[in-house]
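Hi everyone, thanks for coming. Today I'd like to walk you through one protein structure, so please have a look at it before I start.

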Amino acid sequence: MTACKVFSARDVRLIEASPAVMSVSETGRISYTTAFRLHLLARLRAGDTATEVFAAAGLPSSLVGPKRIERAAAHARRSERLARLLDERGDTWDSMVARRGTSDDDLMRVVMAVSNRCSGLQERLDHMERLVAALTSSVDLGRAS
């Protein structure tokens with residue numbers, strides 16, 4: 001088994017800001033709340049992708065990594081205990097998140113999640129601009145020959 005990615009202090013703050021997260025260890029292990037794990041299983045059963053569910057909870061794959069998301073989804077699908085809890089309790093995620101209110105901490109979590117998403121989009125844009133520049137220069141070189 002490979003070691004978990006160790007997150008930067010900024011990443012840890014962003015991850016911990018999500019209501020889906022119970023804790024993040026020093027070694028990069030993320031523990032999710034039972035409510036989120038139930039929600040994940042419910043949404044997977046409804047046809048949503050794990051990536052969509054995590055992103056909606058403020059945990060985009062650019063932050064936590066696609067492999068970690070897929071492993072969490074696989075664990076949720078395999079867990080008989082989780083399936084039983086979901087059948088008994090239902091998906092309480094929306095009501096749990098709504099009960100959190102709109103404290104300053106909650107607003108900061110939202111701002112941090114949006115900021116993280118913008119950072120991820122900026123990285124993708126920068127990458128695409130580099131690709132376009134490389135393609136443009138190769139086309140220009142082809143014309144010069």
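**Salt bridges, a helix and its neighbours**

Let me begin with a pair of charged side chains: aspartate 11 and arginine 10 form a salt bridge, and their closest N and O atoms are 3.8 Å apart. One thing to keep in mind as we go is that this is a predicted model. So, is aspartate 11 buried or exposed? Aspartate 11 has a relative accessible area of 13%, and because the cut-off for buried is under 20%, aspartate 11 is buried.

How many salt bridges does the structure hold? There are 3 of them. Another one joins aspartate 48 and arginine 43, with a distance of 2.7 Å from N to O. Here aspartate 48 is partly exposed at 27% relative accessibility, and arginine 43 is partly exposed as well, at 29%.

Then there is the salt bridge between arginine 45 and aspartate 87, at 3.4 Å from N to O. This pair links distant parts of the chain: arginine 45 sits in helix H2 and aspartate 87 in helix H6, 42 residues apart. Aspartate 87 counts as exposed, with 60% relative accessibility.

Let's step back and take in the whole protein. Its secondary structure comes to 8 helices and 2 strands. If you trace the elements from the N terminus, you read α-β-β-α-α-α-α-α-α-α. The protein has 145 residues, and 33% of them count as buried. Now look at the contacts between residues with a separation of 6 or more: 57% of these come from residues 24 or more positions apart.

Now please find helix H5, residues 66–78. H5 has 13 residues and reaches 18 Å from its first C-alpha to its last, close to the 18 Å expected at 1.5 Å a residue. Which residues of H5 are buried? They are Arg68, Ile69, Ala72, Ala73 and Ala76. These residues lie on the same side of H5, because they cover an arc of only 135 degrees around the axis.

What covers the buried residues of H5? The cover includes strand E2 (30–32) and the helices H2 (34–45), H3 (50–56), H4 (61–64) and H6 (80–89).

Of these, let's look at H2. The axes of H2 and H5 are 9 Å apart, and the two helices pack at an angle of about 85 degrees. H2 and H5 are therefore roughly perpendicular to each other. Where they touch, Leu40, Leu41 and Leu44 of H2 meet Ala72, Ala73, Ala76 and Arg77 of H5.

I'll finish with one more residue in H2, histidine 39. Histidine 39 counts as buried, at 10% relative accessibility. Which residues is histidine 39 in contact with, once we leave aside its neighbours within four places in sequence? The answer is Val53, Asp91 and Trp93.

Definitions and conventions. Residues are numbered from 1 along each chain as its sequence is written. This is a predicted model: local features need pLDDT of at least 70, side-chain atom pairs count only at pLDDT 80 or more; totals for chains, interfaces and linings use all residues. Side-chain values use heavy atoms; hydrogens and water are left out. Helices (H or I, at least four residues) and strands (E, at least two) are DSSP runs, numbered from the N terminus. The expected span of a helix is 1.5 Å times one less than its number of residues. Buried means under 20% relative accessible area, exposed over 50%, partly exposed in between (1.4 Å probe, protein chains only). The arc is that of the directions from the helix axis to the C-beta atoms. Contact means heavy atoms within 4.5 Å. A salt bridge is a side-chain nitrogen of Lys or Arg within 4 Å of a carboxyl oxygen of Asp or Glu. Axes are lines fitted to C-alpha atoms, for helices over the stretch in contact, and angles run from 0 to 180 degrees between N-to-C directions. Angles under 35 degrees count as roughly parallel, over 145 as roughly antiparallel, 65 to 115 as roughly perpendicular and the rest as oblique.
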